[in-house]
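Hello,

Here is the structure I promised to pass on to you. Have a look at it first, and then read on for what turned up.

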Amino acid sequence: MSNILAKAEPYLFLTPAFAILLVFLIFPLFWNIYISFHDVSFITILKNWEYSGWKNFIDLFNDPNFYTSLKITVLFVAGSVASQFALGMLMAVLLSQKVRAAGVFRAIFVIPWTISAVIAAFSFKFILDYNFGILNYILQQIGLQPVGWLTDPNIVIWSLVLANMWYGTPFTMLFITAGLLSINPSIYEAAVIDGATKLRSFLYITLPLLRPFIVINLILITMWSVNFFDLQLVMTGGGPLFASTTASLYMYRQAFEFGLLSKGAAAGLILIIINISVAFVYLKLLRR
Amino acid sequence: MIGAMQKATIRNNRVWFFAERTFIYALIAIVLFLTIAPLVWVFSTSFKQNEESISFPPKFLPENATLDNYKFVLTDPGLLHSLMNSFIVSIGSTVLSVTVSALGGYAFARFEFKAKNLIMSVILGLFMIPVVINIIPLYTMLSAAGMLNSSLALILTFQILIIPLNILLLKNYFETIPKDLEESALIDGCSRLGVLRRITMPLSMPGFAIAAVLAFRFSWNEFILPIVLANKPDSMVFQVALYQFISLYRIEWGYLTAGITLAIIPVLILMLAFQKQMIRGLTLGAIRE
């Protein structure tokens, strides 16, 4: 008896954590599929849900706004990943060059990322405001026309990329810094003796050793940009019209703005497929 | 001849060195400015009177610095209530996640069992699931359970953001504590749970502290789950109340910037106090976001 109990003990310790994860993280993934094949809206949510076959997916693929959102997602993700990665990498490398008080700089650079995305969004909404924003003021001071940062459909997505760059770059900086610290400095000493320049040792020693860190970092910031919509929701609500509605925000708006929960769930399923594809492509790159 | 050449190379190297240093520090200065300028601007605006906060041209420093904005936010019954909700939810979620993760982390650190590696890789895999994908199913589930718009709904759902990370953190911490201490207590007839509570936990306080700080930070900052699951005046948290604030009224930037500043303060204090551990934990935890 006590033997059985002893064997069960570790599982008992794990039960509370697993119960919570099962109910609120794992089960909903399957429940989402169920919802996407039924007719669920704010009107029908408390009634019997009728099976609706592929209708939600057909609706989704007949909705021009859905294609717009996919296109915008590509722009937002490409812009965010490229800018966060380039600047984050640059800062990580610069701060590793025996800079004085590097720790203090790092602690300050990381502040945007420790505060919440909503706070970043409010701040940028204020700074980019067409009438009262400081950025338009500065533009006018130097003799340029004010820009509709959040109101011009062609520009708004790049304003969101800018806010996301401010908010997200510190993560890449920290992650790449962790990678740089994992490299044994004696490798560089050997390279210096062999007469390698800094640039050459960076290209031929640092980069190859950083490769796994770079790939994992790219996976994380890509998936994160795909799923993330705090900034869009607060700064523009996805507008004007659908001009800044990325796929994840499209899912949210269908469900909670228009009350079409099952159409949102169908979009969520497409989002899961996008996530898996992103992870898959990068992991292929990592293995190569 | 050789001497002259060497001198020239050295001089050349020094010029190159100074150019490089100047370049590095100039870039750092620019990024430093871009990092803190938005926050300084928000902070400065929070002390301006409302007309001044949207005056054009903007004033960089408040002309007649005032605490009116803070007074407004902290006396508005709705906002104050949401601030209380934020604390209740964040503290509740922190206590729950640390308790549950300590039990789980302890199982991984101290027991040998069949499915150990399998369960560990499942937990690592769970890290990768983006939580936003769950908002619609969670909404229908909690709606069916009659739990929408309750603090409990937020406390429970926030766990999925925190538990996988905290189990890993606490497991790693427990593994640094020598087993001998526990073994003698076990021989004296203490139960495993008693050992965890009386011996391991007091010795792991730094680990618990960082787990709690991270849990608080995630709960305090979370926005999407609360806006979906608890957006009624009674149950909304501070961030959601600020959001409602911009969609309901003409934006009063003075009030809003004061609210933003108040929302940043708790996290910034924790960040400054636990800087190193928090950065390490967040880098690990970022897999979650």
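A word on angles before the helices: axes are lines fitted to C-alpha atoms, for helices over the stretch in contact, and the angles run from 0 to 180 degrees between N-to-C directions. With that in mind, take helix H4 (residues 77-110) of chain B and H7(B), whose axes come within 6 Å and cross at roughly 40 degrees. The crossing of H4(B) past H7(B) is right-handed. Sorted by class, the residues in this contact are 17 nonpolar, 10 polar and two charged.

Please keep in mind that this is a predicted model. Its scores are ipTM 0.89 and pTM 0.89. For chain B, the average pLDDT is 86, and 90% of the residues score at least 70.

Staying in chain B, H7(B) also has a contact with H10(B). The axes of helix H7 (residues 151-174) and helix H10 (residues 205-221) of chain B come within 10 Å, and the crossing angle is roughly 165 degrees. An angle over 145 degrees counts as roughly antiparallel, and H7(B) and H10(B) are therefore roughly antiparallel to each other. Here, too, H7(B) passes H10(B) in a right-handed crossing. On the H7(B) side you will find Phe158(B), Leu161(B), Ile162(B), Leu165(B), Asn166(B), Leu169(B), Leu170(B) and Tyr173(B); they meet Gly207(B), Ile210(B), Ala211(B), Leu214(B), Ala215(B), Phe218(B) and Ser219(B) in H10(B). By class that makes 12 nonpolar, three polar and no charged residues.

The domain assignment of chain B gives domain 1 (2-45) and domain 2 (77-285). Taken over C-alpha atoms, the centres of these two domains of chain B are 41 Å apart.

Now to where the chains touch. Chain B puts 66 residues into the contact and chain A puts in 64 residues. On the chain B side, the largest share comes from helix H1 (residues 2-45) of chain B, with 11 residues. That side of chain B divides into 50 nonpolar, 13 polar and three charged residues.

Helix H10 (residues 198-227) and helix H13 (residues 261-287) of chain A have axes that come within 10 Å and cross at roughly 170 degrees. H10(A) and H13(A) are therefore roughly antiparallel to each other. H10(A) contributes Pro212(A), Val215(A), Leu218(A), Ile219(A), Thr222(A), Met223(A) and Val226(A), while H13(A) contributes Ile274(A), Asn275(A), Val278(A), Ala279(A), Tyr282(A), Leu285(A) and Leu286(A). The tally for this contact is 12 nonpolar, two polar and no charged residues.

Two backbone details in chain A are left. Most residues other than glycine have a negative phi, and most peptide bonds are trans. Lys98(A), which is not a glycine, has a positive phi of about 45 degrees; Lys98(A) lies in the loop between helix H3 (64-95) and helix H4 (102-109) of chain A. Gly239(A) and Pro240(A) are joined by a cis peptide bond, with omega about -5 degrees. Pro240(A) lies in the loop between helix H11 (230-235) and helix H12 (247-257) of chain A.

Best wishes

How values were computed
Residues are numbered from 1 along each chain as its sequence is written. Chains are lettered from A and ligands numbered from 1 in the order in which they are written. This is a predicted model: local features need pLDDT of at least 70, side-chain atom pairs count only at pLDDT 80 or more; totals for chains, interfaces and linings use all residues. Two residues are in contact if their C-beta atoms, placed from the backbone, lie within 7 Å. Helices (H or I, at least four residues) and strands (E, at least two) are DSSP runs, numbered from the N terminus. Ala, Val, Leu, Ile, Met, Phe, Trp, Tyr, Cys and Pro count as nonpolar, Asp, Glu, Lys and Arg as charged, and the others, Gly among them, as polar. pLDDT is the predictor's confidence in each residue, from 0 to 100. Angles under 35 degrees count as roughly parallel, over 145 as roughly antiparallel, 65 to 115 as roughly perpendicular and the rest as oblique. A crossing is left-handed if the near helix is turned anticlockwise from the far one by less than a right angle, and right-handed if clockwise. Domain bounds come from an automatic or database domain assignment.
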